[in-house]
Amino acid sequence: MAQFLTNAWYVAAFADELSADAMLARTILGERIAFFLDEAGQPTALRDQCPHRFAQLHNGTLDHGIVECPYHGLRFNAAGACVHNPHGDGAIPERVRVKTYPLHLQYQIVWIWMGEARLADPAKVPDLSTIRLDIPEAVNRGYMHTPSNYELVTDNLMDLSHADYVHRESLNTGGSLSRLRPQVKPTADGVEAYWSYQTDTVQPFFASAVDDPSRPVVQSFHMVWHAPSNLVLRVTARNADEPPEADNDHITGHLLTPETDTSTHYFVIGARSWDVHNVAFRDFSTAALMAAFTDEDKPMLHDVQQSMGTIDLWSLKPLLLSCDVGPVQARRMLARLIKEEQEQLQVAAE
């Protein structure tokens, strides 16, 4: 069974997924949670389990921020306190309380903190400020439920050489990434990797981003992983005879939230720097982005997860290639952070 880093921010939902009229049920780090907007319109998260007979609260009703259990009618407010007991004399036992979770709204995303509430510092939300979200026509967004461990998804994203094979037709990298040894280095809270190459065939997505797609093009990929599982990818393109200042880019947040040991919530939000008001191109590029993952990456990752039969990669003694430098550094950093957190929890419990 996986151990997760709990004192960290994870994406719970896009902001517009939450409602004051209905609850959103989502399992995060193995915990079932019900999300909704309270009476003041603020995001709220309650453990999706009544403390009486453990019915799932999201199957109940929501009225002005009050949740009613579908089984015996107990009602709970956004703070998790029982505010109504329809049984007997109506007395409410003091210990009847539903667990709540710290939330923070930023970048049009609802973030959740699964660890100690007192440590939930909004300043620790991963920095997505390079993604311009102020022009809706330029923004790509999507969600994919992924039947594999979240670290396998991180491996996939930190090793872009797989695009030469898994995305051979859709991304058309022409084998360029496999020939490169990525530049990899640690950051304060993660790992970054960089690839750059010149090609005579620009990726289809970037054909309109360069002055002349028939001339040689320089493409670069800069991926930054923030522990435990959020990544930002900047992809740039320009004609080779132009200076770096001529780069157009597409910056995307690949935001991974573990659901269980072998399933992941994968959120994507990104924006391009060219032709920013073209709605048709936004819709085309969003569909292409989602299809590349849903139709190509997702089946591969599921196949790998099934083939492994475990979430412990190292127990299988995998062969390591030059493309694995980034994934290995990310895995080792995450393992160290989880180990340190577990040691701190053990000391606190003694």
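User: How much space lies in the largest cavity?
Analyst: This is a predicted model, and in it the largest cavity holds about 40 Å³ of space.

User: And how many cavities of 30 Å³ or more are there?
Analyst: The count comes to 1 cavity of 30 Å³ or more.

User: Which residues line the largest cavity?
Analyst: The lining of the largest cavity is made by Glu151, Thr154, Asp155, Trp225, Pro228, Ala330, Arg331 and Leu334. By class, that lining has 4 nonpolar, 1 polar and 3 charged residues, and the elements that give two or more residues to it are H1 and H3.

User: OK, H1 and H3 then. At what angle do they pack?
Analyst: The angle between H1 and H3 is about 145°, with their axes 8 Å apart, and the crossing of the two helices is right-handed. On the H1 side the contact is made by Tyr150, Glu151, Leu152, Thr154, Asp155 and Met158, while H3 brings Gly326, Pro327, Ala330, Arg331, Leu334 and Ile338.

User: What classes do those contact residues fall into?
Analyst: The contact of H1 with H3 divides into 7 nonpolar, 2 polar and 3 charged residues.

User: While we're on backbone geometry, which residue has a positive phi although it is not a glycine?
Analyst: Tyr107 has a positive phi of about 60° without being a glycine, and its place is in the loop between strand E9 (103-106) and strand E10 (109-113).

User: Back to open space. What volume does the largest pocket have?
Analyst: About 680 Å³ of space lies in the largest pocket. Its lining comes to 33 residues, and those that lie nearest the pocket centre are Leu171, Gln203, Leu233, Leu289 and Ala292.

User: Which elements give two or more residues to that lining?
Analyst: For the largest pocket, those elements are strand E11 (139-146), helix H1 (150-158), strand E15 (230-239), strand E16 (248-260), strand E17 (263-272) and helix H2 (279-308). Of these, H2 gives the most, with 9 residues.

User: How does the lining of the largest pocket divide into nonpolar, polar and charged?
Analyst: The lining of the largest pocket has 21 nonpolar residues, 11 polar residues and 1 charged residue.

User: What about the second largest pocket, what is its volume?
Analyst: The second largest pocket has a volume of about 550 Å³, and 23 residues line it, with Asp155, Asn156, Asp159, Val304 and Asp324 lying nearest its centre. Two or more residues come from each of H1, H2 and helix H3 (325-349).

User: Which element gives the most there, and what are the classes?
Analyst: H2 gives the most to the lining of the second largest pocket, with 4 residues. By class, the lining of this second largest pocket has 16 nonpolar, 3 polar and 4 charged residues.

User: Switching to sheets. What is the strand order in the open sheet of 3 strands?
Analyst: The order in the open sheet of 3 strands is E2-E3-E4, with antiparallel pairing. Strand E2 (24-28) and strand E4 (43-47) are the edge strands, each pairing on one side only, and the twist averages 35° from one strand to the next.

User: How many bridges link E3 and E4?
Analyst: Strand E3 (residues 31-37) and E4 pair in the antiparallel sense over 5 bridges, and Leu37 stands opposite Pro43 in E4. The two strands form a hairpin with 5 residues between them, and Gly41 in the turn has a positive phi of about 85°.

Technical notes: Residues are numbered from 1 along each chain as its sequence is written. This is a predicted model: local features need pLDDT of at least 70, side-chain atom pairs count only at pLDDT 80 or more; totals for chains, interfaces and linings use all residues. Side-chain values use heavy atoms; hydrogens and water are left out. On a 1 Å grid over the protein atoms alone, a cavity is a set of points where a 1.4 Å probe fits but cannot get out, and a pocket is an open set with protein on both sides within 12 Å along at least five of seven lines; lining residues have an atom within 4 Å of a point. Grid points are joined across faces, edges and corners, and a volume is the space filled by probe spheres set on the points. Ala, Val, Leu, Ile, Met, Phe, Trp, Tyr, Cys and Pro count as nonpolar, Asp, Glu, Lys and Arg as charged, and the others, Gly among them, as polar. Two strands pair if DSSP finds at least two bridges between them. Axes are lines fitted to C-alpha atoms, for helices over the stretch in contact, and angles run from 0 to 180 degrees between N-to-C directions. A crossing is left-handed if the near helix is turned anticlockwise from the far one by less than a right angle, and right-handed if clockwise. Contact means heavy atoms within 4.5 Å.
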